[in-house]
Amino acid sequence: REYLLVLARIGLDPRFRAKVDDADVVQQTLLEAHRDWDQFRGTTAAERFAWLRQILARNLSNLLRDFTRDKRNVRREW
């Protein structure tokens with residue numbers, strides 16, 4: 001969890017900090033990992049960390065997409 005928090009702090013766009021907390025993104029990542037555990041094909045801790053990093057990266061990408069849509073563009077709020 002701490003490792004994912006560090007990655008989320010680095011990866012979360014500063015424009016979204018007022019809207020999304022790093023811990024929320026990590027929580028979502030862990031929930032998805034738990035839900036999809038049967039899809040994990042690795043055997044080592046390194047493979048598990050890589051899988052979690054992929055899920056986190058996808059969640060951060062989705063946040064960027066969602067918050068930069070015209071209807072919800074955070075730049076419009078400034």
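**Before you click**

You're looking at a predicted model, in which local features need pLDDT of at least 70, side-chain atom pairs count only at pLDDT 80 or more, and totals for chains, interfaces and linings use all residues. Residues are numbered from 1 along each chain as its sequence is written, and side-chain values use heavy atoms, with hydrogens and water left out.

**Stop 1: the whole chain**

Color by secondary structure. The chain has three helices and zero strands, so-called when DSSP gives a run of H or I at least four residues long for a helix, or of E at least two long for a strand, with numbering from the N terminus. Read from the N terminus, the order is α-α-α. Of the 78 residues, 31% are buried; buried means under 20% relative accessible area, exposed means over 50%, and partly exposed is in between, using a 1.4 Å probe and protein chains only. Next come contacts, meaning heavy atoms within 4.5 Å. Among contacts between residues at least 6 apart in sequence, 59% join residues at least 24 apart.

**Stop 2: helix α1**

Select residues 2-11, which are α1. Show the side chains of Leu4, Leu5 and Ala8, the buried ones in α1. They cover an arc of only 105° around the axis, which puts them on the same side of α1; the arc is taken from the directions from the helix axis to the C-beta atoms. Turn to the face away from that buried side and you'll find Glu2 and Ile10 exposed. What do the buried residues of α1 pack against? Their partners are α2 and α3.

**Stop 3: helix α2**

Now pick residues 22-35. This is α2, with 14 residues and a reach of 20 Å from first C-alpha to last, close to the 20 Å expected at 1.5 Å a residue (the expected span is 1.5 Å times one less than the number of residues). Asp22, Val25, Val26, Thr29, Glu32 and Ala33 are buried here. Looking down the axis of α2, these buried residues fall within an arc of 125°, so they line one face of the helix. His34 and Arg35, on the other side of α2, are exposed.

**Stop 4: helix α3 and the crossing**

Select 45-67 for α3. It has 23 residues and reaches 33 Å from its first C-alpha to its last, close to the expected 33 Å. Its buried residues include Trp51, Leu52 and Phe67, and their cover includes α1 and α2.

Keep α2 and α3 on screen together. Two packed helices are described by the angle between their axes and the distance between the axes. How do the axes of α2 and α3 cross? They come within 9 Å and cross at roughly 125°; axes are lines fitted to C-alpha atoms, for helices over the stretch in contact, and angles run from 0 to 180 degrees between N-to-C directions. That makes α2 oblique to α3, since angles under 35 degrees count as roughly parallel, over 145 as roughly antiparallel, 65 to 115 as roughly perpendicular and the rest as oblique. To see the contact, show residues including Val25, Gln28 and Leu30 of α2, and Ile55, Arg58 and Leu63 of α3.

**Last stop: Leu64**

Click Leu64, in helix α3. Is Leu64 buried, exposed or partly exposed? Leu64 is partly exposed, with a relative accessible area of 39%. Leaving out residues up to four places away in sequence, Leu64 touches Asp13, Arg15 and Phe16.
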